[in-house]
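User: I would like to learn how to read a few features of a protein model. Can we take them one at a time?

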Amino acid sequence: RDLLMGVACFGLLLTLGLGWFFAFYLNLGVQGLGLGLSASTFIQLVTYLLLLYYVIGASIGMQRLAMPLMKMVVSSVPAAGCAWGIALLGTWSAGPTVLNFILLGIASLLAMIVFFACAWMLGVRQEVNKVLRRKS
């Protein structure tokens, strides 16, 4: 329990440090804060998985999950590209306008459709079916 709390505290400090580094030292602004949070969360995930495996001796079957996860990562690339392309049409510096809300909704919906279609074509059918069954 103390070990898990230590990882959580480490993650908090890491988020603070990486956020500062990316946002202020590299001058990435708000995007740097997001990048720092993402990097810190990934490092915490790896740390927790290593603790599960080496300290507790538990295995969560990462070998079986590796290929579906890689397929999902590959599927997210065209989905993100689609959303990014649509988002370029917005005037985001104007703030929350009706056009921006509509574009955000279209980009999100289309990205979701593209992601599920790519995942389906790559053979991640069991996982896609589970998600689709929960929503209906």
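Analyst: Start with helices. They are DSSP runs of H or I, at least four residues long, numbered from the N terminus. This is a predicted model. In it, helix H3 covers residues 62-87, and Ser75 is found there.

User: Is Ser75 buried or exposed?

Analyst: Buried means under 20% relative accessible area. Ser75 has 0%, so Ser75 is buried.

User: What does the side chain of Ser75 reach?

Analyst: The backbone oxygen of Lys71, at 2.9 Å. Leaving aside neighbours within four places in sequence, Ser75 also contacts Phe115, Cys118, Ala119 and Leu122. Cys118 and Ala119 are among the buried residues of H4.

User: How does the span of helix H4 agree with its 24 residues?

Analyst: The expected span is 1.5 Å times one less than the number of residues. H4, residues 98-121, should therefore span 34 Å. Its end C-alpha atoms are 35 Å apart, which agrees. Just after H4, Gly123 takes a positive phi of about 95 degrees.

User: And aromatic rings: how is a pair described?

Analyst: By the distance of the centres and the angle of the planes. Rings pair if their centres lie within 6.5 Å, and planes over 60 degrees apart count as edge-to-face. The count here is 5 aromatic pairs. For Phe115 and Phe116, the centres are 5.6 Å apart and the planes are at 70 degrees, so this pair is edge-to-face.

User: Which of these two counts as buried, and which as partly exposed?

Analyst: Phe116 counts as buried, at 18% relative accessibility. Phe115, at 22%, counts as partly exposed.

User: Which residues do ring pairs link into a cluster?

Analyst: Trp20, Phe21, Phe22 and Tyr25.

Note on methods
Residues are numbered from 1 along each chain as its sequence is written. This is a predicted model: local features need pLDDT of at least 70, side-chain atom pairs count only at pLDDT 80 or more; totals for chains, interfaces and linings use all residues. Side-chain values use heavy atoms; hydrogens and water are left out. Helices (H or I, at least four residues) and strands (E, at least two) are DSSP runs, numbered from the N terminus. Buried means under 20% relative accessible area, exposed over 50%, partly exposed in between (1.4 Å probe, protein chains only). A polar contact is a pair of N or O atoms within 3.5 Å; within protein, one must be able to donate a hydrogen and the other to accept it, and residues adjacent in sequence count only if both atoms are side-chain atoms. Contact means heavy atoms within 4.5 Å. Rings of Phe, Tyr and Trp (its six-membered ring) pair if their centres lie within 6.5 Å; planes under 30 degrees apart count as stacked, over 60 as edge-to-face and the rest as tilted.
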